[in-house]
Amino acid sequence: MTAIDQAVTAAAPAGEPPLLSIDNLVVEFTSRQGETFRATDGVGFSINAGEVVALVGESGSGKSVTARSILKLIPHPGRIVSGKITFQGRDVMRMSRQRVRQLRGQQVGMVFQDPMASLNPVLRVGDQIGEAISLHSNGRPTGIRARVRDLLGRVGIARPAERARSYPHEFSGGMRQRAMIAMGLANNPALLIADEPTTALDVTIQDQIVELLRDLNANLGTSILLITHNLALVASLCSRVLVMYAGRIVEEAPTASIFDQPQHPYTWLLLRSIPRLDSVEGERLMAIEGQPPNPRELPPGCKFHPRCPFAIERCAVDEPPLAEIAPGHKARCWVLMKNAVQTPAVVPA
Amino acid sequence: MIGEGGLPLVSVEAVSKQFEVRGGLLRKAVLKAVENVSFDIARGETLGLVGESGSGKSTLGRVIVNLLKVNSGSVTVAGQSVAALKGAARRSLWRHAQMVFQDPFSSLNPRMTIRDALAEPLRNFEIAEGAAADAMIRKALDDCGMGAQAMARYPQEFSGGQRQRIGIARALILRPDFIVADEPVSALDVSIQAQIVNLLQDLQVEYRLTYLFIAHDLAVVRHIADRVAVMYMGRLVEIAGSRELYQRPAHPYTQLLLSSIPIPDPRLEAERVRLRSSVDTSSASPSKTGCPFSTRCPRAQFPRCGEEEPALRPISDRHLAACHFA
């Protein structure tokens, strides 16, 4: 069995508990004026071993807060109000701080959008990666140096022994992101959380980083949670997609279904509002009217209803649940539940 | 292409722009941000300008509207040479050529109401004051999909998309012929980008505007541009009609760019053919001699590409590329 086969089959183990599961996560922020709002409200999903899952949403949708909750890294003044986070069968919410810190960097690696903000500018890149290893093991210095070289080589940095001695500013943006990924992988984590890992990078470099993540999943079986606003990245890398809007998951489906049969009106409109290299020339873009929701002033009912061209009366009053509308395909929409045949896709533009 | 023949509205000829940068202890180095770039834009046309960060595309945009001075070469807008303009005449260029920025928030004073921000150019150019100015402001905001109630409010009260509408209204209020839009949608949420692209297209039709649309997103540029220019390391490496450029890219850099864009469709994405570069392109620094792309180029032939800088030359009708082997 090749590594690639392993990764694919590992993605759906029958009866095995998921690597990570999140239930009913509620994160609240309190402003200086004492006003409280929810950044995520009732978020729940799971990731199986070897799976690459995308968490897609716009700014303020709660996707980054969700990702950071997994390692209890919610910035002040945010706090997890309720919810259950289980990683490798253990309850993260009840872990001690020290235990969570062990989890971070050991079983769970993290890569952020801006590598310059996460790398220490006065330490050599190799030493920083080495530190990530030695924090979680008591290896000998020579062994750690060899491991650093191996990691840098694995993420595609040429002449790794030499490059390990460089400082972050001597690296290009793409190389820094590779170094961050090397650090995230330092201790062979079971899960890599990548929060907008390519957003700050040029398109040619973005393509290389995406390919690197794909190879890591295929060769090492590392599970990846990719947080992004870029739907095109999702198509190339992920097997399952979670779409977030206003702190909620509004749609969840295998990648192919999200692109072929998007069900939630938000997902459907979003896919049609992006210009594509293969779209028809001169065709007007379909825009989503209105503004993204402000988490402080969410509307009643379905949070998308003020912008939704398909909204019915009920949408303004009751919030729909996230319900299975086809096997493995969930959406949070009354219109879909009332009459599953009448999907948005048949409504003329 | 919508161009109507005759003289182009904007003409960029052999423009170079350099910056002095500190090159280490007591040393000064020169950064060649724009090197010998020439092109025309016809009235009513949209020229897309693409390239990666550091390619010089934003610098070039600023040079064209005279926010930055050229070191050599010339820019002509509506028959007037931009660099020769001084004082009042230099300002009068801005009646014809305006700029829309990536982050309109940074170009709007947070202590000024939207009314004041839009009244400022009208006052500076002695066009209108008081009630007459208010009427023009209301019209410009309305053209950009904003209600008159925005006038009494401050920039920070608006979302990113609304601020960009205000930024466009501010550029539009002087009734310019030509607008340089520098990454006007890249800071916006995905669901808002299409609104702004559609708005720019509607305004172009209504006011017969000419655009230089600067962006790193090649799919957006393909959607909006009649012609596309590609920059790499300060040089113009390819320019052609939009359809021609996307269907038959001639320069290896353009080919690499186009092959790097992910397609939001899993099946097509799986079939996408990626160009391979023989080197780790994220660490390759540009060649100092010859073709600047030669260090990353999968088709480079040495020693020629490392020594002789290729000139921009016609490949086919109205399609130019700077490559020895295109």
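Student: In this predicted model, what makes helix α1 (residues 57–64) of chain B a helix that lies across strands, and which strands are they?

Tutor: Helix α1(B) lies across β3, β7 (178–182), β8 and β9 of chain B, and its direction runs at about 155° to that of β8(B). Helix α6 (residues 160–172) of chain B also packs on the sheet, where it touches β6 and β7 of chain B and makes about 175° with the direction of β6(B).

Student: How do you know that strand β3 (residues 46–50) of chain B pairs with strand β8 (residues 210–215) of chain B?

Tutor: Pairing requires at least two bridges between the strands, and five bridges join β3(B) to β8(B), so the two count as paired, and they run parallel. Within this pair, B:Val50 stands opposite B:Ala215 in β8(B).

Student: Why is the sheet of chain B called open, and what stands at its edges?

Tutor: Its eight strands follow the order β6-β7-β8-β3-β9-β10-β12-β11, with mixed pairing. At the edges stand β6 (97–100) and β11 (313–316) of chain B, each with a single partner strand, so one side of each is left without a neighbour in the sheet. From one strand to the next, the twist averages 25°.

Student: Why is helix α10 (residues 252–260) of chain B described as largely enclosed?

Tutor: A residue counts as buried when 20 or more other C-beta atoms lie within 10 Å of its own, and seven of the nine residues of α10(B) are buried, so the helix is largely enclosed by the rest of the structure. Among them are B:Pro252, B:Tyr253 and B:Ser260. The buried residues of α10(B) pack against α9 (203–220) of chain A, and also against α8 (218–224), β9 (227–232), β10 (235–241) and α9 (242–247) of chain B.

Notes:
Residues are numbered from 1 along each chain as its sequence is written. Chains are lettered from A and ligands numbered from 1 in the order in which they are written. This is a predicted model: local features need pLDDT of at least 70, side-chain atom pairs count only at pLDDT 80 or more; totals for chains, interfaces and linings use all residues. A residue is buried if 20 or more other C-beta atoms lie within 10 Å of its own, exposed if 12 or fewer, and partly exposed in between; C-beta atoms are placed from the backbone. Helices (H or I, at least four residues) and strands (E, at least two) are DSSP runs, numbered from the N terminus. Two residues are in contact if their C-beta atoms, placed from the backbone, lie within 7 Å. Axes are lines fitted to C-alpha atoms, for helices over the stretch in contact, and angles run from 0 to 180 degrees between N-to-C directions.
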